[in-house]
Amino acid sequence: MNRKRVAGLDGLRGLCALYVMLFHCWAYTFRGFPRYRGPDWLSWLGFGRLSVVFFLVLSGFSLALVAARDDWRLGGLARYARRRAWRILPAYWAALAFSLVVAWTVVRQPYSAEPTAGSVLVYTLLLQDLVTVPTPNGAFWSIGVEALLYGVLPILLILCRRLGPAAMLAAVTVPVVVVGLVVFDGSPPQGDNGLAPHLVPAFAAGVLAAGVVAAGDRLRRLPWAGLALLAAVPAGALILHQGSRWMVKHYYWVDLAVVPAMTLLLLAVASGRPAALTRLLDSAPLRRLGSFSYSLYLIHLPIVVAIDQKLVAPRLGHGMAAFTATTLLAGGLSLVGAWFFAKAFEWPFRSWAEVRAALRLPAPADRLCREGRHDGSRRCCDQVVLGQV
């Protein structure tokens, strides 16, 4: 396996982001979510929350994979924090600005007041899951959760190094289950946003999966796809039978219940078995979709709400025709817009070196070489050519 890239992960990310976008087209077209008034054959679109959970499993896996291959060592907290900040903040802040402009000039988010100065401050600092303010973008709650989980990762890696990955997962899952059963008597407070500590096990499960992949071929040969199917059947049957309205009232337990199947599916893809599934997920269209999946997640909701409420609903109302029009118009605009958004605010800002390249700023080593003050070897200049400075 390529140490720098796991085939199929980009495809999984892309499909997750696409499903969340379709979920919002569905929810805002037919209105009343979690009550559903549309055709039964479209009810499968009502589980967008599950994609967010899968995103967190994928995130834990991706961030921990290199550490798992290095005895669960992160490689320096400052370096880790800098790389995470470059990865998520430029695109997030740009999407925040875009969302505020839409909310102030076109249409605010449903079920929320117009964003205030407090909204700007809270969302800029990624505190939206700790402080309640009017939201400029309803999808941003999970970005706050993700940022908090980035702070948890170093602790999870220490637990992996000292106790092992299985014990680490147990250490974060058991308290969540005990709190849900004992403190809240089996009925924890529910909500489709806000601080969600029960999602820590989802992130930790991805870390565990990274350890499995790093352990070598012996564990990777296990029938992960079959195990994923077995784990998915009971949780999936319950969710489909009860429907999205029931799921919203039981997010705490549903999120925990689906994590094993998602983790096993991730291991199946990472191990390349079944090969047909990995090839599909690693196909060029899905790889491309995955390459701007973060941007798609960030900007699609203001677009969907604006298209539905300002263009489609006044003309077509709320039905199948409106859903089709919203999906085609808002979905198409979101996909195209996300690609350009990623090109402008995501891809160029993954490190300071890439920012310099995007802005055509000379790297320090390049300046030293031109001034004849390099160390006398070719290494300095070669690094500039390779973009490593």
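This is a predicted model: local features need pLDDT of at least 70, side-chain atom pairs count only at pLDDT 80 or more; totals for chains, interfaces and linings use all residues.
Visitor: What is the N to O distance in the salt bridge of aspartate 10 and arginine 13?
Guide: Both residues belong to helix H1 (residues 9-30); because they are three residues apart there, about one helical turn separates them. Aspartate 10 is partly exposed at a relative accessible area of 24%, and arginine 13 is partly exposed at 23%. Their side chains meet in a salt bridge with an N to O distance of 3.0 Å.

Visitor: Which residue forms a salt bridge with aspartate 71?
Guide: A salt bridge requires a side-chain nitrogen of Lys or Arg within 4 Å of a carboxyl oxygen of Asp or Glu. For aspartate 71, the closest N and O atoms of the pair are 3.6 Å apart. Aspartate 71 is partly exposed, with a relative accessible area of 45%, and its partner is arginine 73.

Visitor: Is glutamate 346 buried or exposed?
Guide: The side chain of glutamate 346 meets that of arginine 87 in a salt bridge, at 3.0 Å from N to O. Arginine 87 lies in helix H3 (residues 77-105) and glutamate 346 in helix H14 (residues 320-346), so the pair ties together parts that are 259 residues apart in sequence. Arginine 87 counts as partly exposed at 22% relative accessibility. Buried means under 20% relative accessible area; at 1% relative accessibility, glutamate 346 is buried.

Visitor: What is the orientation of H7 to H10, roughly parallel or roughly antiparallel?
Guide: Helix H7 (residues 200-214) packs with helix H10 (residues 251-271) at an angle of about 25°, and their axes are 10 Å apart. Angles under 35 degrees count as roughly parallel, so H7 and H10 are roughly parallel.

Visitor: What is the orientation of H3 to H4, roughly parallel or roughly antiparallel?
Guide: H3 and helix H4 (residues 117-124) pack with their axes 11 Å apart and at an angle of about 160°. Angles over 145 degrees count as roughly antiparallel, so H3 and H4 are roughly antiparallel.

Visitor: Which residues in H4 meet H3?
Guide: H3 passes H4 in a right-handed crossing. By class, their contact has seven nonpolar residues, one polar and no charged. Tyr92, Trp93, Leu96, Leu100 and Trp104 in H3 meet the H4 residues Val120, Tyr123 and Thr124.

Visitor: What distance separates the C-alpha atoms of arginine 221 and serine 271?
Guide: Arginine 221 is found in the loop between helix H8 (217-220) and helix H9 (224-248), and it counts as exposed at 56% relative accessibility. Arginine 221 and serine 271 are 50 residues apart along the chain, and the distance between their C-alpha atoms is 7.3 Å.

Conventions
Residues are numbered from 1 along each chain as its sequence is written. Side-chain values use heavy atoms; hydrogens and water are left out. Helices (H or I, at least four residues) and strands (E, at least two) are DSSP runs, numbered from the N terminus. Buried means under 20% relative accessible area, exposed over 50%, partly exposed in between (1.4 Å probe, protein chains only). Axes are lines fitted to C-alpha atoms, for helices over the stretch in contact, and angles run from 0 to 180 degrees between N-to-C directions. Angles under 35 degrees count as roughly parallel, over 145 as roughly antiparallel, 65 to 115 as roughly perpendicular and the rest as oblique. A crossing is left-handed if the near helix is turned anticlockwise from the far one by less than a right angle, and right-handed if clockwise. Contact means heavy atoms within 4.5 Å. Ala, Val, Leu, Ile, Met, Phe, Trp, Tyr, Cys and Pro count as nonpolar, Asp, Glu, Lys and Arg as charged, and the others, Gly among them, as polar.
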